[in-house]
Amino acid sequence: MSVLSSRQQLRQHIRALRRSLSVEQQQQASMDLVQQLLPRPEVQQAQQIALYLTNDGELDTTPLIQALWQQGKSLYLPLLHPVVPGYLVFQLYTPDTVLKPNQFGIGEPELNCSLLCPVSQLDLIFTPLVAFDSLGQRLGMGGGFYDRTLSQLSSDTKSSDAKKTALIGLAHDCQHVESVPVEAWDIPLPAICTPTKFRCFSEQ
């Protein structure tokens with residue numbers, strides 16, 4: 001079986017697993033996630049934080065968003081890049097932000113260039129994922145948006161005075177698999193948090 005076929009099968013399997021979680025399981029998982037994350041130094045030290053709105057059975061980020069707002073953090077949501085296809089930009093997200101569905105049916109703010117934050121200026125980016133393994137390899141939804149966007153960080157952080165952006169993947173425990181079939185463009189994550197455990201991986 002090809003890597004592409006293996007990835008598609010794994011993606012379908014894990015998406016079905018997380019969609020099968022009950023409302024009660026989802027609610028408990030989202031609260032447990034907050035308890036795992038808030039004490040972390042990566043979160044405590046971050047002021048500019050990017051995260052995402054939940055879709056397709058993903059771990060609900062709503063309690064995390066509320067907790068981070070209460071701590072005075074500046075939050076940013078991903079938008080499909082208005083000029084460069086396949087990339088994301090991140091725009092300020094406040095309790096008053098009006099959201100509209102994008103082409104995938106996911107809420108995002110109306111583009112306002114004055115509210116955008118360059119990827120390299122974010123302190124922390126929480127990324128969605130479909131599956132992950134014990135090496136920090138991440139399988140996404142298949143669009144490659146985060147891989148392309150995060151690849152900018154490796155090129156932006158060559159200089160010694162460059163800001164270091166922390167990356168943390170968020171997932172249900174059922175999304176942990178033995179091995180993710182890897183493609184050359186995949187960007188492994190240094191850390192992944194589930195409701196029961198915060199996993200750190202060595203930098204690749």
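Predicted model: local features only at pLDDT ≥ 70, side-chain atom pairs only at ≥ 80, totals over all residues.
Strands of a sheet pair through backbone hydrogen bonds, either parallel or antiparallel. In this model, eight strands form an open sheet with mixed pairing, in the order S6-S3-S2-S1-S7-S10-S11-S12. The edges are taken by strand S6 (116-117) and strand S12 (198-200). Each of these two has a single partner strand, so one side of each is left without a neighbour in the sheet.

Strand S7 covers residues 124-127.

S7 pairs with strand S1 (residues 48-50) in the parallel sense, over two bridges. Within this part of the sheet, alanine 50 is opposite isoleucine 125 of S7. S7 also pairs with S10, again in the parallel sense, over four bridges. Here threonine 127 is opposite glycine 169 of S10.

## From S10 to S11

Strand S10 (residues 166-170) and strand S11 (residues 191-193) run parallel and are joined by two bridges. Leucine 170 has cysteine 193 in S11 as its bridge partner.

The loop between S10 and S11 contains leucine 189. Is this residue buried or exposed? Leucine 189 has a relative accessible area of 2%, and buried means under 20%, so leucine 189 counts as buried. Between leucine 189 and alanine 166 there are 9.4 Å in space, C-alpha to C-alpha, and the two are 23 residues apart in sequence.

## Aromatic pairs and a charge over a ring

How many aromatic pairs does a search of the whole structure find? There are two. One of them joins tryptophan 69 and tyrosine 93, with ring centres 5.0 Å apart. The ring planes are at 50°, so this pair is tilted. Tryptophan 69 belongs to helix H4 (residues 62-70) and tyrosine 93 to strand S3 (residues 88-93), so the pair ties together parts that are 24 residues apart in sequence. Both tryptophan 69 and tyrosine 93 are buried.

Phenylalanine 104 and phenylalanine 145 also pair, with ring centres 5.8 Å apart. Why is this pair edge-to-face? The planes of the two rings are at 75°, and planes over 60 degrees apart count as edge-to-face. Phenylalanine 104 is in the loop between strand S4 (99-101) and S5, and phenylalanine 145 is in helix H5, so this pair ties together parts that are 41 residues apart in sequence. Phenylalanine 104 is partly exposed, at 46% relative accessibility. Phenylalanine 145 is also partly exposed, with a relative accessible area of 22%.

Another contact with a ring involves a charge: the charged end of arginine 40 sits over the ring of phenylalanine 198, 3.8 Å from the ring centre.

## The largest pocket

The largest pocket holds about 770 Å³ of space. Its lining is made up of 35 residues. Which of them lie nearest the centre of the pocket? They are Pro128, Met141, Gly143, Phe145 and Tyr146.

Several elements each supply at least two residues of the lining: helix H1 (3-19), strand S2 (74-80), strand S5 (107-109) and helix H5 (145-156). By class, the lining has 17 nonpolar, eleven charged and seven polar residues.

Key. Residues numbered from 1 in each chain as written. Heavy atoms only, no water. 1 Å grid on protein atoms, 1.4 Å probe; cavity = no way out; pocket = protein on both sides within 12 Å on 5 of 7 lines; lining within 4 Å. Points joined across faces, edges and corners; volume = space filled by probe spheres on them. Nonpolar A, V, L, I, M, F, W, Y, C, P; charged D, E, K, R; others polar. Phe/Tyr/Trp six-rings, centres within 6.5 Å; stacked < 30°, edge-to-face > 60°. Buried < 20%, exposed > 50% of the residue type's maximum accessible area, 1.4 Å probe, protein only. Lys NZ or Arg CZ within 6 Å of the ring centre and 35° of its normal. Pairing = 2+ DSSP bridges.
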